[in-house]
Amino acid sequence: MESWTGHEVPRLPGTAQPLALYDSARRTVLPTAPDGPATMYVCGITPYDATHLGHAATMITFDLVQRMWRDAGRPVSYVQNVTDIDDPLLERAERDGEDWVVLGMRETALFREDMEALRIIPPEHYVGAVESIPDIAARVVELLDDGAAYRLDDGTGDVYFDIAAAPRFGYESNLSREEMRELFAERGGDPDRAGKRDPLDPLLWRGSREGEPAWNGGPLGPGRPGWHIECAAIALKLLGARLDVQGGGNDLLFPHHECSAAHAERLTGEEPFARHYVHAGMIGLDGSKMSKSKGNLVFVSRLRADRVDPMAIRLALLAGHYRADRQWTEELLKLATQRLGRWREAVRAAAGPSGAELLAGVRERLADDLDTPAVLALVDAWAEAALAGTGTDPEAPALVARTVDALLGVRL
Ligand code: 5CA
Ligand code: ZN
């Protein structure tokens, strides 16, 4: 699948900082791999509706990860998927009397446009589930041959992963069995399905049903892939056994990321699947999580159509820490628009306080688990001083503009 178009990222002088991130499995902030190419897999959209600010916040988070690695001179291999076949897409298409392929293509195209407007560096590989079906089916066959998966004997052709084949199951999310069961039911799982060995066993392959699209699964028979194996198979194919970062919103911690890691670890015999499991907080509106199923959404494309500067959207989302669940408000956007205006004015000043010092401060705060609220405060202080005429560094305005562009992705 085609990715979107990137833009030039300015190179910065001075010494970059190695990035430390919070790992959900080990529950602490730890350095990301210190050298060599960095690999990252981020769970992308299920394209049945337009990009909302929650998607944008999560994509911006991992964009900053990539920017920090690049700043440190590390080549980055970044893969993002599009779940272009799954129940929610089929349900929405059915509700609206639309072809699911057309719906998916339209919303994916809009997502690409939104990502470009937000200046998100594109992934090296942008991959759809449908185009990956042969790889996914082959992985399911491997798990069956290995005794880590089983076919239900009810004639549906459905195949499940046996979590007993993953002795460390639960290490990533650190949840109790009861919590897992609850989230599994809430987030697309089927704990009560008859014939399963364990209520938490996740679906790997869904045998074809009347009226649903199906693909040739070879020995699996016709059907379509389960969700967690989709991400495991795509990541393994393009990035290999051990990722530096597996990312997404914290709604994916369990069961999605726990199960993809369990699949991948069983398939490769190597663990952990990812050195860092990184989860962005949920953006909410009016007190609850912004989600397509609830319909309480603010779309990036709607704001763009209303002539909101995408850089202000970026700044509004960066004003909170990426791991915090937080609310979107009109006020947040208003403050971000004002901040953007002040920063733009300040980088047009003839001089300002030391640009090199500001850059060092920004790097240091970002290196510590992407502390963007602190970074915004540093740039605010610099901008106020520059506008008050207290700084004497004539190079500073240009360097600050480059710093904000390269590390925050905000073009002034
Ligand atoms: N296609 C799957 C992942 S394989 C999926 O979860 N799609 S999604 O469209 O529901 O979400 C796309 C990405 O945005 C995921 O990383 C998800 O965790 C994140 N996300 C969804 N809703 C929010 C929200 N309200 N706030 C922050 N991130 C969100
Ligand atoms: Zn995923």
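This is a predicted model: local features need pLDDT of at least 70, side-chain atom pairs count only at pLDDT 80 or more; totals for chains, interfaces and linings use all residues.
User: Why is Glu186 called exposed?

Analyst: Glu186 has a relative accessible area of 57%. Exposed means over 50%, so Glu186 is classed as exposed. Glu186 lies in helix α5, which covers residues 177-186.

User: Which residues form the negative surface patch with Glu186?

Analyst: The patch is formed by Glu186 together with Glu178, Glu179 and Glu182. The patch is called negative because Glu counts as negative.

User: Why is His276 called buried?

Analyst: The relative accessible area of His276 is 1%. Buried means under 20%, and His276 is therefore buried. His276 is found in strand β11, residues 274-280.

User: How do you know whether Arg74 is buried or exposed?

Analyst: Arg74 has a relative accessible area of 9%. Because buried means under 20%, Arg74 is buried. The place of Arg74 is in the loop between α1 (53-71) and β4 (76-82).

User: What does the side chain of Arg74 reach, and at what distance?

Analyst: The side chain of Arg74 reaches the backbone oxygen of Gly36 at 3.0 Å.

User: How many residues apart in sequence are Arg74 and Asp35, and how far apart in space?

Analyst: Arg74 and Asp35 are 39 residues apart in sequence, and their C-alpha atoms are 6.9 Å apart in space.

Notes. Residues are numbered from 1 along each chain as its sequence is written. Chains are lettered from A and ligands numbered from 1 in the order in which they are written. Side-chain values use heavy atoms; hydrogens and water are left out. Patches are made of residues with over 30% relative accessible area and no salt bridge: like charges are joined within 9 Å, nonpolar side chains (Val, Leu, Ile, Met, Phe, Trp, Tyr) within 5 Å. Accessible areas come from the Shrake-Rupley method with a 1.4 Å probe; for residues, only the protein chains shown count as cover. A salt bridge is a side-chain nitrogen of Lys or Arg within 4 Å of a carboxyl oxygen of Asp or Glu. The place of a charge is taken as NZ of Lys, CZ of Arg, CG of Asp or CD of Glu. Helices (H or I, at least four residues) and strands (E, at least two) are DSSP runs, numbered from the N terminus. Buried means under 20% relative accessible area, exposed over 50%, partly exposed in between (1.4 Å probe, protein chains only). A polar contact is a pair of N or O atoms within 3.5 Å; within protein, one must be able to donate a hydrogen and the other to accept it, and residues adjacent in sequence count only if both atoms are side-chain atoms.
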